[in-house]
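Subject: A structure to look at, with notes

Hello,

I am passing a structure on to you, and I hope you enjoy looking through it. Please open it first and keep it beside you as you read.

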Amino acid sequence: MNNMKKLLLVVSLFFCLFSFSQAKVESNNNVFTVFDTAPQPPGGMNNFRKMIAQNFNIPSHLPKGFKASVLIRFVVNINGKIQDITIMKSNDDKLSEEAIRVIKLSENWTPGLFSGNPVNCYYSLPIQIAVN
């Protein structure tokens, strides 16, 4: 991380959809948007947030005072592996690349469950960045 810049990184967790019924909802590629138990990163969300903050490198071209948001979506598969990482919204291409790089550093998660069985689940994560 550049010594001239400090990263203020706030990672908030939210899910695309929450499970309010027992209806099975899948997309064409067998990825669930409704599940009984959400996937979990190793060590929980607080450790995941720390991992992101510690490994996220602010691109050098961003000026002091710059604020941005990256909304990233990925699939946690039945084995807990993160795959199909997609940037849903971003202010900056370099920030998008860095968000993808950092998410790929994550170890396998505990997969989401539907009716007691592991399932592929979409997971969305907003990352807020401020360059100080």
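Below is what was found, going from the whole chain to single residues.

Before anything else, please keep in mind that this is a predicted model.

The overall picture

The protein has 132 residues, and 42% of them count as buried. Its secondary structure consists of two helices and six strands. If you walk along the sequence, these elements come in the order β-α-β-β-α-β-β-β. The accessible surface is about 7,400 Å², and carbon and sulfur atoms hold 51% of it. Contacts across the sequence are well represented: among contacts with a separation of 6 or more, 76% link residues 24 or more positions apart.

The two helices

Helix H1 covers residues 44-55 and helix H2 covers residues 93-104; they pack with their axes 10 Å apart, at an angle of about 130°. The crossing of H1 past H2 is right-handed. On the H1 side, the residues making the contact are Phe 48, Met 51, Ile 52 and Asn 55, while H2 brings Glu 98, Arg 101, Val 102 and Ile 103.

Next, follow the chain into the loop between H2 and S4, where you will find Leu 105 and then Ser 106. Ser 106, at 15% relative accessibility, is buried.

Setting aside residues up to four places away in sequence, Leu 105 touches Met 51 and Asn 55. With neighbours within four places left out as well, Ser 106 is in contact with Pro 42, Phe 48, Met 51 and Ile 82. The C-alpha atoms of Ser 106 and Ile 52 are 8.8 Å apart, although the two residues are 54 apart along the chain. For Leu 105 and Ile 82, which are 23 residues apart along the chain, the C-alpha separation is 9.5 Å. Ser 106 also uses its side chain for a polar contact of 2.9 Å with the side chain of Trp 109.

Pro 59 is located in the loop between H1 and S2. With a relative accessible area of 12%, Pro 59 is buried. Its C-alpha atom is 6.4 Å from that of Lys 94, a residue 35 places away along the chain.

A serine in strand S2

Strand S2 runs over residues 67-76, and Ser 69 is part of it. What does the side chain of Ser 69 pair with? It makes a polar contact of 3.1 Å with the side chain of Gln 128. Beyond residues up to four places away in sequence, Ser 69 touches Lys 89, Ser 90, Asn 91, Ile 127 and Gln 128. Ser 69 is a buried residue, since its relative accessibility is 17% and the limit is 20%.

Two backbone angles to check

Most residues other than glycine have a negative phi. Asp 84, which is not a glycine, has a phi of about 50°; you will find Asp 84 in strand S3, residues 82-90. Ser 115 is not a glycine either, and its phi is about 55°. Ser 115 lies in the loop between strand S4 (112-114) and strand S5 (117-119), and it counts as partly exposed because its relative accessibility is 49%.

Notes. Residues numbered from 1 in each chain as written. Predicted model: local features only at pLDDT ≥ 70, side-chain atom pairs only at ≥ 80, totals over all residues. Heavy atoms only, no water. Helix = DSSP H or I, 4+ residues; strand = E, 2+ residues; numbered from the N terminus. Buried < 20%, exposed > 50% of the residue type's maximum accessible area, 1.4 Å probe, protein only. Polar contact = N/O pair within 3.5 Å; in protein donor to acceptor, adjacent residues only side chain to side chain. Contact = heavy atoms within 4.5 Å. Areas by Shrake-Rupley, 256 points an atom, 1.4 Å probe, with all protein chains shown as cover. Axes fitted to C-alpha atoms, helices over the stretch in contact; angles between N-to-C directions. Left-handed = near helix turned anticlockwise from the far one by under 90°.
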